[in-house]
Amino acid sequence: MTPTPAPRFAGLDGLRAVAVLLVVLCHLFPGGFLHSGFVGVDVFFVISGFLITALLLRERASTGRIALRAFWVRRARRLVPALVAMVVTCASIAWLIGGDLLLGLGRQVLGAMTFSYNWLSISAGASYFTASRPELFRNLWSLAVEEQFYVLWPLLLPLLLLVRGRALRVAIAVAAAAASALWALAQAAGPVVDATGALAGDPTRAYYGTDTHAFGLLLGVALAFALSGRIGAPVTDGLAGPAGAAGPVTRPIRAGLLAGAGVAAGAGLVVVASWPSGAGAFPLVSVLASICTVVLIAVAVRPGSALGPGLDIAPLRWIGERSYAIYLWHWPLVVLLTTALTGRFAEAAIPVPIGLTAFVATLLAATVSYRLVEQPVRRLGFGGALRALRARFASSPVSRLRALTAIAAVAVLVGGTGAAVTATPRMSSSEAVVQAGADALARAAASTAGTTPAPLATATPSVSPTEPSDDPAARPRPPAPSTVSGERISAVGDSVMLASAEGLLTARPGIQIDAAVSRSMWAGGDIVQTLAAQGALREYVVVGLGTNGPVEDDELQTVYDAIGPDRHLVLVNAFAPRDWIPGVNATLASFATSHPRVVVADWAQAIAPHLDLLAGDEIHPGPTGGALYAETVTAAVDTIENQQTQARYQVDLIRWETLRAFDRLPTGG
């Protein structure tokens with residue numbers, strides 16, 4: 001038997017448009033209000049779960065079976081051509097640009113072509129939330145999750161259909177969705193800190209995992225079960241049978257309630273998409289977005305609903321029909337454009353003009369893909385499309401030229417992709433500068449190995465350049481500016497300090513540096529306490545631990561207490577395209593204001609006008625940036641020293657003036 005033609009569900013194209021716009025606007029314009037626009041992916045998941053299940057149920061009801069091979073072929077026709085075209089085009093362009101764009105490109109291409117991008121990224125330790133390198137095809141993780149669902153769900157559906165009763169099937173699907181969400185919550189409980197103070201946890205596993213991000217798909221499945229038998233049926237009130245079964249008063253009330261629910265769900269989706277972003281937002285915002293989408297679909301596909309046609313207005317339907325291609329192209333294009341035009345890529349700092357350019361380029365690429373790649377294969381199939389191409393060679397010279405041009409373009413792009421994969425660098429620019437800092441520390445340690453350590457500078461006040469004198473004629477001289485030697489400074493920091501190690505060692509030879517990758521302020525107190533207990537903590541303590549997460553006052557207080565009453569604390573503020581950085585810097589400034597013997601080294605202000613001195617992640621300084629970091633830190637240390645010297649000079653001057661005044665007093669009566 002031939003399956004009944006699939007119905008068109010009202011509102012789904014418009015809802016696809018909403019979903020892809022949420023994602024695209026979030027990614028291309030990170031400074032906008034759609035901070036959590038990535039939940040557009042969850043909207044897609046719910047639509048996919050609902051649509052695929054509804055179509056499979058319809059096919060089984062019509063033919064008595066599910067034709068798995070035909071289903072998978074249809075999915076391949078829908079997904080593969082546009083995906084391959086995008087990957088080979090963007091990989092070839094990345095090869096021309098070079099640099100950090102090529103990092104891990106082989107793994108990314110493999111993940112894209114095998115629909116395993118999410119799991120390969122997890123196994124490679126890639127991070128969605130704190131990525132420090134441009135990942136060209138990162139958006140394909142969600143396509144992998146969907147395709148894995150398309151492979152597994154048609155195999156599992158017949159088993160679930162053995163369960164009698166629609167309500168029980170819905171309950172099972174909802175229970176599975178809840179289990180997935182709870183499992184995601186457990187996996188994404190939050191970053192943890194290991195014994196070295198490094199961030200050891202990342203919610204990327206929960207975000208990328210098919211098991212932990214299946215709740216949207218499963219909620220779509222539950223909705224399809226709930227509406228099975230009603231979709232495509234004569235107009236009903238959506239609650240209790242045919243429309244005529246309800247009275248003339250009840251029907252408008254129910255229709256109004258449903259319309260109100262749809263509007264509320266749409267507003268709720270926008271609110272969720274505007275939620276403050278970051279690792280801590282998942283899975284809550286995704287679950288809420290999925291629930292809102294379930295309500296929207298349920299109302300939109302209801303026969304007679306005004307929401308479905310409202311969502312399917314011409315502009316939204318046009319975008320919805322091309323939403324797959326738009327989603328495919330938007331992220332690689334903004335990565336390529338940003339890197340090509342600025343020399344670096346930081347997701348949270350995409351310039352607005354580049355975002356606008358990427359948006360226009362995405363629409364153009366999606367239009368070409370939809371017309372020349374997607375539609376021909378969907379209409380003719382893979383074999384039919386090849387036969388049509390071959391037929392052009394027997395046609396007019398113009399058609400023959402077009403066919404030859406298409407074949408040549410494919411050959412060039414495939415070759416460019418191969419070249420890009422083989423040109424992958426060993427490490428990113430940010431990893432290179434951090435490694436250079438580690439090497440500088442290793443050389444410094446090796447040069448001092450076997451030598452007798454210099455006596456540790458004590459934390460006693462420095463001697464004034466001018467010794468106070470009781471002689472009224474010996475006026476104290478103003479002190480000359482002084483510099484603090486490296487032997488008097490202990491520095492504790494993260495990878496930014498580590499990347500700047502050579503600059504610090506050059507500026508202040510003998511400085512003590514304890515820096516590590518991914519270290520947070522949480523570890524600062526323990527490190528300083530350990531150095532103090534070992535008698536190794538010096539007079540000036542520099543702490544730069546604000547890059548990798550928020551900083552709390554109690555963490556700073558622990559560091560402050562650990563340095564003791566005779567040392568000075570220099571807090572280095574942070575610069576990075578991360579949403580917690582302004583809060584970190586405000587906390588550091590407030591703490592310095594309210595505590596004596598504490599100053600802030602303003603690295604953020606020093607480096608902001610000189611982004612060219614940073615690696616591609618706009619976080620870690622290169623050699624010249626490291627020298628600027630050292631200059632910023634040592635200037636803060638020297639400021640403390642000179643303030644103390646100036647204060648002692650003022651005391652000496654007052655003392656001298658007093659002695660001089662007494663010396664001039666008459667001694668007789």
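**Figure 1. Surroundings of Asp494 in the predicted model.** Asp494 is buried in this predicted model, because its relative accessibility is 2% and buried means under 20%. The residue is placed in the loop between β1 and α18 (495-499). Leaving aside residues up to four places away in sequence, Asp494 touches Ala515, Ala516, Arg519, Gly544, Leu545, Gly546, Thr547 and Asn548. Val543 stands 49 residues from Asp494 in sequence, and the C-alpha atoms of the two are 8.9 Å apart in space.

**Figure 2. Helix α20 and the elements that it packs against.** Helix α20 spans residues 524-533, and its buried residues are Gly524, Gly525, Ile527, Val528 and Leu531. These residues lie on the same side of α20, because they cover an arc of only 165° around the axis. The packing partners of the buried residues of α20 are the strands β1 (489-493), β2 (512-515) and β3 (540-544), together with helix α21 (553-563). Gly535 follows α20 and has a positive phi, near 75°.

**Figure 3. The salt bridge between Glu539 and Arg488.** A salt bridge links Glu539 to Arg488, with 3.0 Å between the closest N and O atoms. Glu539 belongs to the loop between α20 and β3, and Arg488 to the loop between α17 and β1, so the pair ties together parts that are 51 residues apart in sequence. Both Glu539 and Arg488 are buried.

**Figure 4. The salt bridge between Glu502 and Arg443.** Side chains of opposite charge can pair when their charged atoms come close. In the pair shown here, the closest N and O atoms of Glu502 and Arg443 are 3.8 Å apart, and the two residues form a salt bridge. Glu502 is part of helix α19 (residues 501-507) and Arg443 is part of helix α17 (residues 429-448), so this pair ties together parts that are 59 residues apart in sequence. Glu502 is partly exposed, at a relative accessible area of 43%. Arg443 is likewise partly exposed, with a value of 48%.

**Figure 5. The salt bridge between Glu347 and Arg138.** Glu347 and Arg138 meet through their side chains in a salt bridge, at 3.0 Å from N to O. The loop between α14 (323-342) and α15 (352-392) holds Glu347, while the loop between α5 (117-123) and α6 (140-160) holds Arg138, so the pair ties together parts that are 209 residues apart in sequence. Glu347 is partly exposed, with a relative accessibility of 29%, whereas Arg138 is buried, at 3%. Across the whole structure, the search finds 14 salt bridges.

**Figure 6. Asn139 and its contacts.** Asn139 lies in the loop between α5 and α6. The residue is buried, with a relative accessible area of 2%. Not counting residues up to four places away in sequence, Asn139 touches Tyr327, Leu328, His330, Trp331 and Pro332.

**Figure 7. The largest nonpolar core, viewed around Phe225.** This core contains 112 residues, of which Phe137, Leu140, Trp141 and Phe225 touch the most other members. Helix α2 (residues 40-63) gives the core its largest share, 12 residues. With residues up to four places away in sequence not counted, Phe225 touches Thr53, Leu57, Trp153, Leu157, Leu160, Leu161, Arg166, Arg169, Val170 and Ala173. Another core, of 41 residues, lies apart from the largest one; Ala501, Leu504, Ala515 and Val572 are among its members.

Figure 8. Leu159 is located in helix α6. The relative accessible area of Leu159 is 54%, and the residue is exposed.

**Figure 9. Overview of the chain.** The chain has 24 helices and 5 strands. It is made up of 669 residues, and 49% of them count as buried. Of the contacts between residues at least 6 apart in sequence, 79% join residues at least 24 apart. The chain exposes about 29800 Å², with carbon and sulfur atoms supplying 65% of this area.

Definitions and conventions
Residues numbered from 1 in each chain as written. Predicted model: local features only at pLDDT ≥ 70, side-chain atom pairs only at ≥ 80, totals over all residues. Heavy atoms only, no water. Helix = DSSP H or I, 4+ residues; strand = E, 2+ residues; numbered from the N terminus. Buried < 20%, exposed > 50% of the residue type's maximum accessible area, 1.4 Å probe, protein only. Contact = heavy atoms within 4.5 Å. Areas by Shrake-Rupley, 256 points an atom, 1.4 Å probe, with all protein chains shown as cover. Arc of directions from axis to C-beta. Salt bridge = Lys/Arg side-chain N within 4 Å of Asp/Glu carboxyl O. Core = buried A, V, L, I, M, F, W, Y, C linked by side-chain atoms within 4.5 Å.
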